[in-house]
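Hello,

I am handing a structure over to you. Please open it first, then read my notes.

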Amino acid sequence: MTINHVIENVSVNKSFGGWHKQYSHQSATLNCTMKFAIYLPPKISSGEKVPVLYWLSGLTCTDENFMQKSGAQRIAAELGIAIVAPDTSPRGEQVANDDGYDLGQGAGFYVNATQAPWNRHYQMYDYVVNELPQLIEATFPVSEQRAISGHSMGGHGALTIGMLNPERYSSMSAFSPICNPINAPWGKKAFTAYLGKDKANWLNHDASELMRRAKQFIPAKVDQGGEDDFLTEQLQPETLEAAAVASGYPLSLFIRDGYDHSYYFISSFIEDHLRFHAEHLNK
């Protein structure tokens with residue numbers, strides 16, 4: 001597939017000596033116009049290329065939520081890391097949608113849909129793994145060093161993409177990830193729609209299943225709020241922990257007492273995650 005490197009700048013904001021920028025572009029993978037945000041640390045002014053952390057957001061989010069609410073720019077500026085936040089799904093009047101918040105636009109689940117009508121646009125796995133990094137690396141002063149992180153649905157995406165592509169990422173992390181979507185209501189609904197009813201096709205998009213049978217490892221860090229309303233039914237971190245024990249996966253999982261599913265939680269621990277990724281990006 002030929003990647004179109006034409007992008008349009010939507011906004012620019014200076015932040016901690018660096019720059020937050022939002023762009024739109026025509027995605028060949030998703031067959032629609034997409035937006036993404038990028039934070040470029042002040043280190044790029046010296047002519048150095050910097051590594052990139054890809055951030056995948058959760059249900060109903062866009063590229064804006066993390067950049068506006070996480071407070072990540074201060075630490076990213078210090079560490080010399082760029083952050084790229086794509087949207088969570090294809091968008092547009094011609095793009096298939098659903099009345100529910102947990103399917104369709106805003107809920108791409110970072111998989112390649114095989115079922116109509118979703119398969120025309122919902123190829124988020126290929127977009128995140130291939131098209132977007134090619135665009136970023138061709139356009140901005142960044143290196144090919146990458147890490148990946150995300151929240152909730154995006155935590156599911158970060159962990160599964162990281163484990164399916166261990167050669168592409170130095171490390172992976174997640175806040176409140178959907179750890180076992182094949183056994184969670186959100187995952188069952190989305191996977192049935194996007195991937196079909198044959199559950200054998202779901203296994204490669206389940207972090208617990210992938211971690212249980214993993215042969216190649218990259219460092220993994222997960223934070224989960226102990227007062228998260230979705231903890232028991234939707235997120236199920238105990239399945240991921242059991243899978244890591246079974247395969248010997250290098251997973252650090254923390255249950256944070258009193259914290260919920262919100263960006264108050266993410267902003268409280270994002271510094272830990274950025275320093276974790278910096279340690280591995282710099283090796």
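Below are the notes on what was found.

This is a predicted model: local features need pLDDT of at least 70, side-chain atom pairs count only at pLDDT 80 or more, and totals for chains, interfaces and linings use all residues. Residues are numbered from 1 along each chain as its sequence is written, and side-chain values use heavy atoms, without hydrogens and water.

Strands and helices are DSSP runs, numbered from the N terminus (strands E, at least two residues; helices H or I, at least four).

Start with the strands. β2 (residues 18–27) holds His25. β2 and β3 pair in the antiparallel sense, over nine bridges; pairing takes at least two DSSP bridges between two strands. Trp19 stands opposite Leu40 in β3. Four residues lie between the strands of this hairpin, and Asn31 takes a positive phi near 55°. β3 (residues 32–40) also runs antiparallel to β5 (residues 82–86), joined by four bridges. There, Ala37 has Ala85 as its bridge partner.

Now His25. It counts as buried because its relative accessibility is 3%; buried means under 20% relative accessible area, with a 1.4 Å probe and protein chains only. Its side chain makes a polar contact with that of Tyr127, at 2.8 Å. Such a contact is a pair of N or O atoms within 3.5 Å; within protein, one must be able to donate a hydrogen and the other to accept it, and residues adjacent in sequence count only if both atoms are side-chain atoms.

Last, β3 is mostly covered: seven of its nine residues are buried. Helix α5 (residues 185–195) has buried residues too, including Trp186 and Phe191. After α5 comes Gly196, with a positive phi near 95°.

Best wishes

Terms used:
Buried < 20%, exposed > 50% of the residue type's maximum accessible area, 1.4 Å probe, protein only.
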